[in-house]
Amino acid sequence: MDSERDTERLADACATVGGLVGDRAESWDLAGLLPEQVLRQLAGRGLLCPQVSATDGGLGFDSLLTGEYTAHVGALCGSLRSVLTSQAMAAWTVQRFADARQRRTYLAQLTHGRLAALGFSETTAGSDLSAIGTRILRDGDTLVVTGEKVWMTAACYADLFLVLGRFEEGAAVVVVPVSAPGVQVERIANPLGCRAAGHANVRFDAVHLPSDNLLGGTAQSLSMLVTTALAAGRLSVAWGCVGILRACLAAATAHARTRRQFGKVLAEHQLIGSHLAELFAAEQVSTRTCEHASRCWDAHSADMVAAIVVAKYVSARNAVRGAARAVQVLASAGARDGHLVARAYRDAKLMEIIEGSNEICQLMLAEHALSVT
Ligand code: FAD
């Protein structure tokens with residue numbers, strides 16, 4: 001984000017999403033549902049994948065601009081930020097693996113109102129995606145997809161599923177319209193957090209598709225497909241955690257300034273000051289690690305993969321601890337289902353599980369440390 005023009009574009013995007021969310025995130029969380037028209041309006045303006053280039057129909061935000069926008073959405077509504085992350089991962093997977101015609105077709109759809117969800121995880125393949133059992137087979141001029149994906153974010157809202165499966169000697173991602181015969185979507189009831197993000201398990205029972213729906217048309221390496229898609233998801237989640245921290249910091253400071261106990265406002269009690277200081281430091285550290293990762297992304301730096309894992313690991317841990325501090329400062333004032341800090345507390349915990357759990361991030365960082373030092 002370098003120019004005045006970028007600052008204006010970011011402000012416009014944030015104002016648009018802010019206007020559409022308003023003060024409704026709490027009611028969406030309680031209902032477990034995002035309004036279809038809000039999602040369609042955002043998707044129709046390219047605001048669910050702003051990083052897609054202008055030539056491909058997007059807004060052409062760089063990673064830093066996309067990150068600040070993601071943090072803004074994350075501060076407003078964790079469920080909407082989850083849908084944004086899902087769409088960003090889908091767009092990035094298309095950008096990286098589709099051929100020119102597929103790229104034009106699918107990116108135009110994703111920047112003009114259609115929604116996508118990613119199906120990688122399976123019941124027996126969570127952290128270890130090399131264990132996936134979903135199969136994509138050629139049958140003459142068509143493809144046949146069989147398998148079951150679990151915990152697909154945004155699947156309840158999506159028009160398209162990007163499904164990872166075994167294909168020939170390697171793997172591939174295939175685009176499956178939700179309307180294809182043999183697709184069954186089963187909503188996950190009452191998730192711990194991001195309750196309105198439309199998580200679902202999806203079965204694919206011998207789903208027949210045109211062979212054109214296979215991204216890139218050939219088999220790819222499974223680990224390359226997974227690593228590429230997850231890099232975009234990790235960075236998006238990391239910036240979403242920055243948003244959680246900013247929202248928690250704002251709520252905690254506002255409360256500490258006004259709530260009086262023992263004859264003075266909470267902010268004047270030093271133990272409350274300690275919570276605010278830790279929250280502030282967590283937000284600052286997370287922002288800096290995310291900015292560094294985004295700069296690495298924009299520069300195509302060799303350090304990018306490690307920088308993204310650091311950003312995701314640090315920001316998710318900070319968001320969990322920061323949200324807990326915010327709940328502590330607000331106490332009974334925030335201890336109500338749907339309240340901003342209560343949502344942050346629940347939503348943040350999930351960020352330590354998805355797109356590479358804390359433990360998987362630690363394993364990757366240990367391996368990196370051993371290779372570079
Ligand atoms: P497991 O892999 O069974 O791990 C259980 C625990 O063991 C974890 O703490 C893990 O860190 C730890 N562990 C595993 N292996 C090791 C190891 N080698 N060393 C040390 N510890 C280890 N999937 C999708 O495909 N698309 C989505 O859109 C999507 N959205 C999601 C949204 C939410 C809210 C959630 C909860 C999940 C989502 N997932 C999605 C699935 C998610 O990617 C997996 O939950 C995640 O990869 C972890 O897999 P698992 O839950 O099966 O845990």
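Modeller: Here is the account, starting with the ground rules.

This is a predicted model, in which local features need pLDDT of at least 70 and side-chain atom pairs count only at pLDDT 80 or more, while totals for chains, interfaces and linings use all residues. Residues are numbered from 1 along each chain as its sequence is written, and side-chain values use heavy atoms, with hydrogens and water left out.

The chain is divided into domain 1 (4–110), domain 2 (116–213) and domain 3 (222–372). These bounds come from an automatic or database domain assignment. The centres of domain 1 and domain 2, taken over C-alpha atoms, are 22 Å apart. Domain 1 puts 22 residues into the contact and domain 2 puts in 18. Contact here means heavy atoms within 4.5 Å.

About 1700 Å² is buried between domain 1 and domain 2, and carbon and sulfur atoms give 59% of that area. Buried area is the accessible area (1.4 Å probe) that two parts lose on being put together, summed over both.

Two salt bridges are found across the interface of domain 1 and domain 2. A salt bridge needs a side-chain nitrogen of Lys or Arg within 4 Å of a carboxyl oxygen of Asp or Glu. Aspartate 212 forms a salt bridge with arginine 101, with 3.6 Å between the closest N and O atoms. On the domain 1 side that touches domain 2, helix 2 (25–31), helix 3 (36–44), helix 5 (78–97) and helix 6 (100–111) each give two or more residues. Helix 5 gives the most to that side, with 10 residues. Helices are DSSP runs (H or I, at least four residues), numbered from the N terminus.

Next, the nonpolar packing. The largest nonpolar core has 48 residues, and Tyr69, Phe161 and Val176 touch the most other members. Helix 1 (residues 4–21) supplies the largest share of this core, six residues. Domain 1 and domain 2 both give residues to this core, so the core lies between them. Such a core is a set of buried Ala, Val, Leu, Ile, Met, Phe, Trp, Tyr and Cys residues joined through side-chain atoms within 4.5 Å. Buried means under 20% relative accessible area (1.4 Å probe, protein chains only).

Take tyrosine 69. Leaving aside neighbours within four places in sequence, tyrosine 69 is in contact with residues including Leu10, Ala13, Cys14, Val17 and Phe61. A second, separate core of 29 residues includes Val52, Ala98, Val173 and Leu225.

Conventions
Buried < 20%, exposed > 50% of the residue type's maximum accessible area, 1.4 Å probe, protein only.
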